[in-house]
Amino acid sequence: IALAAPMLTTERLPDGTRLTMLPGDDEPVWLWVVQQRHGATWDTDVLPAWQQSAYIGKGNECAAEVAVQAVDRLGNASTIRSINRPCDAGTAELLSR
């Protein structure tokens with residue numbers, strides 16, 4: 001069973017932009033795969049399911065794009081949910097399209 005794409009929230013804070021990830025359905029998530037694009041380079045972080053938020057960007061530079069997948073214990077990955085220019089959000093913005 002494939003997981004649904006995660007729901008993402010971005011929030012601009014004084015010390016950076018926080019990305020929050022929530023499961024897209026009732027299936028349990030084991031890992032989050034968080035990818036950030038800076039120019040032509042992608043950085044990938046694999047986070048445990050209990051860590052549902054992360055700061056995005058490098059120093060003062062915000063990522064041009066962020067892509068997130070949920071992964072279950074069997075290695076099944078969800079559809080990718082991505083956000084272009086995630087630091088442009090002035091307030092919390094739920095992205096579940």
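User: Why is Arg 37 called partly exposed?
Analyst: Arg 37 has a relative accessible area of 24%. Buried means under 20% and exposed over 50%, with partly exposed in between (1.4 Å probe, protein chains only), so Arg 37 counts as partly exposed. Please keep in mind that this is a predicted model, where local features need pLDDT of at least 70, side-chain atom pairs count only at pLDDT 80 or more, and totals for chains, interfaces and linings use all residues. Residues are numbered from 1 along each chain as its sequence is written, and side-chain values use heavy atoms, leaving out hydrogens and water.

User: What makes Arg 37 and Glu 65 a salt bridge?
Analyst: Their side chains come to 3.4 Å, N to O, and the rule asks for a side-chain nitrogen of Lys or Arg within 4 Å of a carboxyl oxygen of Asp or Glu. Arg 37 sits in strand β3 and Glu 65 in strand β6, 28 residues apart; strands are DSSP runs of E, at least two residues, numbered from the N terminus.

User: Is Glu 65 buried or exposed?
Analyst: Glu 65 has 17% relative accessibility, so this residue counts as buried.

User: Which residue forms a salt bridge with Arg 18?
Analyst: That is Glu 11, with the closest N and O atoms 2.7 Å apart. Arg 18 is partly exposed at 25%, and Glu 11 is partly exposed at 29%.

User: Why is Ala 54 called buried?
Analyst: Its relative accessible area is 15%, so Ala 54 is buried. Ala 54 lies in strand β5, and beyond its neighbours within four places in sequence Ala 54 is in contact (heavy atoms within 4.5 Å) with residues including Arg 18 and Leu 47.
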